Amino acid sequence: MEKSPAENPEKAGDVEAQKAGNAPKSGERSDQGEAPAVDHYDTEGKPDADKRKMTAPDTLGAKHQHPILAQPPEGFTGLKLGKPATVAAGITAVLKSGAFAWGEDGIARGTHALLKLNQKDGFDCSSCAWPDPDEHRSVAEFCENGAKATASDADAQRVDPAFFAQHSLVQLSHMTDRDLNNAGRITHPMVVRPGGTHYEPISWQEAFALVGQELNALASPDEAIFYTSGKVPNEPAFLYQLFVRQFGTNNLPDCSNMCHESSGSALSPTIGLGKGSVTLNDFYEAEVIVIIGQNPGTNHPRMLTALQKAKRNGAKIISINPLIEAGLQHFKNPQDFMNPLRALGALLGDGTQITDLYLQVRINSDLLVMRGLMKGLLEAEALNPGKVLDRAFIQEFTTGYEELIENLNNTSWDDIVEASGVSRADITEAANLIARHKKIITCWAMGLTQQKNGVYSIQEIVNLHFLKGAVGKAGAGLCPVRGHSNVQGDRSMGIWERPEQSFLDDLEKEFNFHPPQEHGYDTVEAVKAMHDGKVPVYVALGGNMLSACSDTEFVAEAMRKLRLSVHITTKLNRGHLVNGEMALLLPCLARTDVDRQHGQQQFTSCENSMGVVSMSKGVLTPLQGEMLSEVAIVSGMALATLGSKSTVDWVACTENYDTIRDHIGRVIPGFNKFNEKVRRPGGFYLPNGPRERNFTTANGKANFTCTPYEKHVLEPDQLVLTTIRSHDQFNTTIYDYNDRYRGVHNERRVIFLNRQDMAERDIREKGVVNITSHFEGQQRHAEKFIAIPYNIPQGNCAAYFPEANVLVPIGSVAYKSNTPTSKYVVVTVTPVEEPVGTRKATSAQRVAVPG
């Protein structure tokens with residue numbers, strides 16, 4: 001066994017080694033390791049597993065049939081509508097950040113937490129996975145949303161046994177999601193017993209015993225599901241999957257199934273790794289940055305700093321998105337207020353212009369826009385032979401070029417323009433901009449991955465990069481921007497229902513047991529299994545699967561059939577309220593909290609979107625209560641369930657997290673000498689083959705892809721809806737009711753519509769509407785939303801999740817990845833009351849849209 005730096009302090013104090021780390025510098029691609037870290041994406045994509053036509057839940061009657069609400073309450077909170085912003089961040093973001101931190105925690109506690117947020121000697125932000133700078137970090141290395149997440153984690157309010165005694169499950173479910181989160185931190189383990197109406201206190205010993213008893217009573221380990229949130233750090237994630245596999249199942253669905261599974265499914269067969277290939281330094285050298293299906297101003301605000309620096313270095317930015325978002329227009333960097341040379345301009349001006357060319361695409365037609373861009377590159381190459389395409393890269397590294405060209409030639413400009421809503425002239429302008437440059441980065445997020453065509457759209461992005469040779473060189477590459485702080489790290493740790501055989505073999509060698517070989521359920525298949533009554537026990541390490549998954553009432557029906565639900569969590573959410581016979585709330589420490597085990601403070605680690613693994617160490621004294629660390633809770637469940645059958649020293653892993661990292665270093669490629677490398681300030685980069693033009697695909701090549709395209713036709717009056725976040729939420733966590741960049745204040749039950757679509761349907765501004773989704777002859781309904789006219793393509797509309805998730809059918813998933821199509825929902829929108837002074841359009845034309 002390698003000795004950890006805890007036993008060899010001199011290793012942890014090598015300052016010179018810490019300065020350099022193994023960070024790739026711009027212009028360099030030095031070797032970062034002998035093997036790529038296993039990222040656990042099936043290179044063939046997921047099989048189309050369960051094609052049954054699932055029965056639609058009674059979404060209209062659900063709230064009357066079940067007093068415990070699975071959906072947020074329908075009551076309006078008082079809409080105030082303003083003008084959408086054209087500038088992101090600025091002084092308002094600074095003030096909002098302080099207000100959240102100081103309001104939740106008190107000035108001293110909140111300030112201390114913020115000053116340690118994303119610092120090399122502090123803790124990693126629990127919201128988005130955007131990387132921190134390798135070298136210098138500012139005093140305030142966080143964004144407004146990071147401040148909200150930190151304030152929420154460090155909340156001094158207490159949800160203790162007295163709180164639960166005063167609030168029944170029914171009463172809690174009638175609270176808004178904001179009020180559930182803002183009630184405070186859960187401080188004691190709680191239980192709902194059969195027939196119970198309230199959560200009641202339970203000792204840790206009894207709670208662990210209950211988990212072990214119920215798991216061991218199952219006829220098969222595959223009758224349990226173990227869900228994971230992307231918020232979980234590496235060390236507890238590794239222990240969790242180890243416990244689950246020693247128990248005997250690969251049923252490890254996670255939130256990645258619902259977000260970037262499409263990225264992994266697209267990238268693994270094309271570049272050999274289900275992760276991006278760029279570093280933060282590449283943005284500063286990029287000549288063209290394409291942002292597609294992403295709203296960084298709300299979902300990854302610190303990315304705007306990198307985009308601003310890229311712009312100041314001369315980069316051009318192309319944005320492809322159905323909505324015109326503030327963060328893609330202009331950005332005022334709060335850091336500029338501390339720079340005397342820039343402070344006045346930051347205060348008075350419009351900030352830095354982000355987008356040079358905005359392609360306002362129809363939902364789910366990004367695939368065709370990418371084909372249009374490539375057709376434009378081919379046309380430019382014909383006019384400038386040898387100056388547009390990187391033929392040397394194509395010849396040396398790729399396969400499938402001729403087939404791609406044939407596929408592009410078989411795609412007509414008429415189809416591209418008709419389906420996408422973007423003119424040929426605009427697409428050609430963007431193509432010409434790309435044609436003139438070599439250093440190109442493309443970024444995408446859930447606006448792409450949750451489409452029906454998500455995998456294929458990403459593969460077309462990869463095709464474009466191969467044509468330009470824009471992979472594996474400074475200033476160029478592929479950048480899936482992960483939405484949760486350690487969702488990528490959890491996959492590296494083995495949180496996946498379809499593990500690679502090499503990973504299972506390494507687990508067997510390290511821990512002397514035979515891991516289960518059969519693939520488990522992903523999130524969608526897990527919900528179906530619960531709904532079928534095949535799964536009596538559900539364990540969740542963080543997260544809120546009820547509200548995050550598609551088809552809310554279907555998920556609720558499934559969860560009501562459970563024997564036991566186990567929720568490891570810091571705060572209340574709606575998923576804790578909808579259960580079967582029994583439920584446990586097991587309160588854990590947050591990243592902000594000091595974690596002491598066996599008299600010594602411990603730390604954990606996280607992996608960001610660009611493959612950097614860094615230390616996260618809490619700084620705040622935990623609230624008074626009985627919370628345990630995630631590591632301690634996982635170990636407690638494992639000991640109670642596995643007993644003497646386990647080959648793992650769970651106590652040693654809990655007393656010193658270095659022990660866990662020693663195991664990880666021997667099991668996970670790229671994590672060798674983990675304890676030594678993670679102690680370097682700023683952490684270390686994992687190996688990344690594509691970053692070095694080492695494409696670890698089955699044939700060792702970078703593979704062009706010929707993607708299919710299916711044209712769907714909407715019926716009259718139908719629209720395509722996408723779900724989106726507001727500015728005051730992170731995933732399913734709601735901090736407040738505002739979305740100030742879109743001009744929406746004090747309300748979430750809204751739907752954004754094109755004005756022409758509103759006129760054709762007699763929908764007035766601020767009128768109340770009902771929304772119905774249509775899938776396989778079924779309907780699902782969402783009632784009482786306020787209509788807001790917005791700059792969105794005709795035929796498209798948008799609403800916030802989780803409120804609109806009830807409309808997304810459980811059977812509607814992306815090709816290959818099985819990701820719910822939350823960004824492609826066919827709907828009709830109907831006014832509740834007859835508007836005044838408008839006339840119904842005689843008919844709506846059939847509109848061709850991509851499937």
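User: Let's start with a definition: buried means under 20% relative accessible area, exposed over 50%, and partly exposed in between (1.4 Å probe, protein chains only). How many of the 15 residues of α23 are buried?

Analyst: This is a predicted model, where local features need pLDDT of at least 70 and side-chain atom pairs count only at pLDDT 80 or more, while totals for chains, interfaces and linings use all residues. Residues are numbered from 1 along each chain as its sequence is written, and side-chain values use heavy atoms, leaving out hydrogens and water. Helices (H or I, at least four residues) and strands (E, at least two) are DSSP runs numbered from the N terminus. Helix α23 is mostly covered, with a buried count of 15 of 15.

User: How far apart are the end C-alpha atoms of α23?

Analyst: The expected span of a helix is 1.5 Å times one less than its number of residues. Helix α23 covers residues 454–468, so its 15 residues should span 21 Å. That agrees with the separation in the model, 22 Å.

User: Which residue just after α23 takes a positive phi?

Analyst: The phi angle there is about 60°. The residue that takes it is G469.

User: What is the order of the strands that close into a barrel?

Analyst: Two strands pair if DSSP finds at least two bridges between them. Here 6 strands close up, with mixed pairing. Their order is β26-β33-β30-β32-β31-β34.

User: Is F752 buried or exposed?

Analyst: F752 lies in strand β30. Contact means heavy atoms within 4.5 Å; leaving aside neighbours within four places in sequence, F752 touches residues including I724, V744, I788 and Y800. Its relative accessible area is 0%, so F752 is buried.

User: How many disulfides does the count come to?

Analyst: A disulfide is a covalent bond between the sulfur atoms of two cysteines, and the rule here asks for a pair of cysteine sulfur atoms within 2.5 Å. As for individual cysteines, C588 counts as buried because its relative accessibility is 3%, and C653 does so at 1%. By this rule, the number of disulfides is 0.

User: And across the whole chain, what percentage of residues is buried?

Analyst: The chain holds 33 helices and 35 strands. Out of its 851 residues, the buried share is 65%.
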